[in-house]
Amino acid sequence: MKLKKLLNLILVVSLVFSCLGSMSLITLAADEGSGSEFDPYIIRSADDFTKYMGEGKYKGKFFKLGNDIELPSNYDPKNFLGGYFDGNNKTITINIDSTSLLQVGVFKDLRADNGTTNEIKNLIINTRVTQK
């Protein structure tokens, strides 16, 4: 009986540690890169793109597209780019429902402000516009 309880305890502890290990890997993958020129933030999904392009705290940072991504039809650009974006010869596809948004596009504004520099290179943009 004691052996069975001990084995159950070992199993539970093993499961807990394996889950914690998986969670830390997920966290690391979500914030890949430091935003510097030689270690840019890697954008691998539409969620990553929305996170980095939607928060002003990333101004002046470096970004690199790690995968082709597709932005949802309700995507609404939030902020100025304010940094360096290397498309890495990957594609961003955006599906635009022309009746749902007033501002459409991948980036809201490319103008530099407050001494920041903007640069976009090696990026392919594919748009699909539907009108309902």
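1. Among contacts in the protein between residues at least 6 apart in sequence, what percentage join residues at least 24 apart? The value is 57%, where a contact means heavy atoms within 4.5 Å.

2. Before going further, note that this is a predicted model, in which local features need pLDDT of at least 70 and side-chain atom pairs count only at pLDDT 80 or more, while totals for chains, interfaces and linings use all residues. Residues are numbered from 1 along each chain as its sequence is written, and side-chain values use heavy atoms, with hydrogens and water left out.

3. The protein has 2 helices and 5 strands, and along the sequence these follow the pattern α-β-α-β-β-β-β. Both kinds of element are DSSP runs numbered from the N terminus, helices being H or I runs of at least four residues and strands being E runs of at least two.

4. Of the 132 residues, 30% count as buried; buried means under 20% relative accessible area, exposed means over 50%, and partly exposed lies in between, with a 1.4 Å probe and protein chains only. The protein exposes about 8700 Å², of which carbon and sulfur atoms supply 57%; such areas come from the Shrake-Rupley method with a 1.4 Å probe, and for residues only the protein chains shown count as cover.

5. The largest nonpolar core holds 19 residues, and those that touch the most other members are Ile43, Phe49, Met53, Phe63, Leu71, Phe85 and Ile92. Two or more residues each come from strand S1 (41–43), helix H2 (46–54), strand S2 (62–65), S3 and S4. A nonpolar core is here a set of buried Ala, Val, Leu, Ile, Met, Phe, Trp, Tyr and Cys residues joined through side-chain atoms within 4.5 Å. In soluble globular proteins, nonpolar side chains tend to be buried together.

6. Leucine 71 deserves a separate look: leaving out residues up to four places away in sequence, leucine 71 touches Ala46, Phe49, Ile92, Thr93, Ile94, Asn95 and Val106. Aspartate 47, which is found in helix H2, is 24 residues from leucine 71 along the chain, yet their C-alpha atoms are separated by 8.6 Å. Aspartate 47 counts as exposed because its relative accessible area is 64%.

7. Proline 72 lies in the loop between S3 and S4 and counts as partly exposed, because its relative accessible area is 38%. Not counting residues up to four places away in sequence, proline 72 touches Ala46 and Asn95.

8. Asparagine 74 and isoleucine 94 are 20 residues apart in sequence and 9.4 Å apart in space, C-alpha to C-alpha.

9. Leaving aside neighbours within four places in sequence, threonine 93 is in contact with Ile69, Glu70, Leu71, Asn126 and Arg128.

10. Asparagine 88, in strand S4, has a phi near 55°, a positive value in a residue other than glycine, and asparagine 88 is partly exposed, with a relative accessible area of 28%. Asparagine 89, in strand S4, has a positive phi of about 60° although it is not a glycine, and asparagine 89 is exposed, with a relative accessible area of 58%.

11. Finally, consider the end of the chain. Glutamine 131 lies in the segment after S5 and counts as exposed because its relative accessibility is 71%. Glutamine 131 and isoleucine 96 are 35 residues apart in sequence and 8.5 Å apart in space, C-alpha to C-alpha.
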